Amino acid sequence: MARVAQGDARAFRALSDAHLKPVYVYLTRLLHSEAEAQDVAQETFLRVWQNASSYQPKARITTWIHAIARHLAIDRLRRRKTTGEHFEFDDERDLVPRSDRPSELLEKKTTAQLVAQAIARLPERQQSALLLCHEQGLSQPEIAVVLECTVDAVESLLKRARSTLREQLQSLNTTTETP
Amino acid sequence: MSPLDRDPWIDSAIGSLPELDVPAELRRNVAQIPAQHQAWTFPTIFGLKSSWAWAICGALGLVCGLSLDGEDFAEAGSPTFAQEVEFGSDALDVNVADLADSASEQASLSTLAQLAWTSEWTDALDLTQDE
């Protein structure tokens, strides 16, 4: 990181190679749009390049980058709200899981869609806490840094998110099963 | 992360989400960031890098600027100085005109003022009071 702060392009390349994918995945899940996730991910790494000297080694690099990404994603979500921008989930192509067997593929696809919809219905902080914990593998103190709150608050967010997600999935599952 | 932090049911639900690959275009764009946005850094001065050196130079510049102002200020006859003498005399309850009378008749107010601005200001006052 110190080398990135000194303007070392090769160090930046190594940094982006290591962190681009998790950041992009997190943003895609949070924004539910690959195109917007690409924009925000690019902006995130531009900020990393420009502000590398302000990085404090007390937090892990991944935590710092995720915090930048989240701030930018929130801006994007706010802009959607204020401009009343019409937003739709990405088409199904983006939610197709990988499988060789058609029946399994269909089942996985349905589950993936249900999970994605259920996550999208959660408030942003709960979505972030859930994704950072269960998909990105960040610890609760690290999530607290990204969300700028206490570890207790993260615990509470996770508890509510898990319980709501269960309820949502059960109700969505019931709806899809109903003829 | 402790096992208590995890919830296998939720892990399995989130694990069902499809894997995502980073688009080649995004990878390319991110890789080009250093070339397109050269990070601006403070030029090195006296072997000292960056903002500290500039901060020191700025502070020195400020001090020099202030001392120059002080010299200008001390110039006798300048309206600013005359005002200052007036203010000072009011504060000390000494009449500038009396001071001028007590001193040599030839001494002009500006000469006295020049004298007063130096460390002899208090001495001059004492002399006047004695007289």
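Predicted model: local features only at pLDDT ≥ 70, side-chain atom pairs only at ≥ 80, totals over all residues.

Residues are numbered from 1 along each chain as its sequence is written, and chains are lettered from A and ligands numbered from 1 in the order in which they are written.

**Where chain A touches chain B**

- In total, 35 residues of chain A are in contact with 25 residues of chain B, where contact means that the C-beta atoms, placed from the backbone, lie within 7 Å.
- The largest share of this side of chain A, nine residues, comes from H2(A); helices here are DSSP runs (H or I, at least four residues), numbered from the N terminus.
- This side of chain A holds 18 nonpolar, 11 polar and six charged residues, with Ala, Val, Leu, Ile, Met, Phe, Trp, Tyr, Cys and Pro counted as nonpolar, Asp, Glu, Lys and Arg as charged, and the others, Gly among them, as polar.

**H3(A) with H2(B)**

- H3(A) and H2(B), residues 24-31 of chain B, pack at an angle of about 20° with their axes 9 Å apart, the axes being lines fitted to C-alpha atoms over the stretch in contact, and angles running from 0 to 180 degrees between N-to-C directions.
- H3(A) and H2(B) are therefore roughly parallel to each other, a term for angles under 35 degrees.
- Gln38(A), Ala41(A), Gln42(A) and Phe45(A) of H3(A) meet Leu26(B), Asn29(B) and Val30(B) of H2(B).

**H2(A) with H4(A)**

- The axes of H2(A) and H4(A), residues 61-83, come within 10 Å and cross at roughly 30°, and these two helices are therefore roughly parallel to each other.

Definitions and conventions: Contact = placed C-beta atoms within 7 Å. Parallel < 35°, antiparallel > 145°, perpendicular 65-115°, else oblique.
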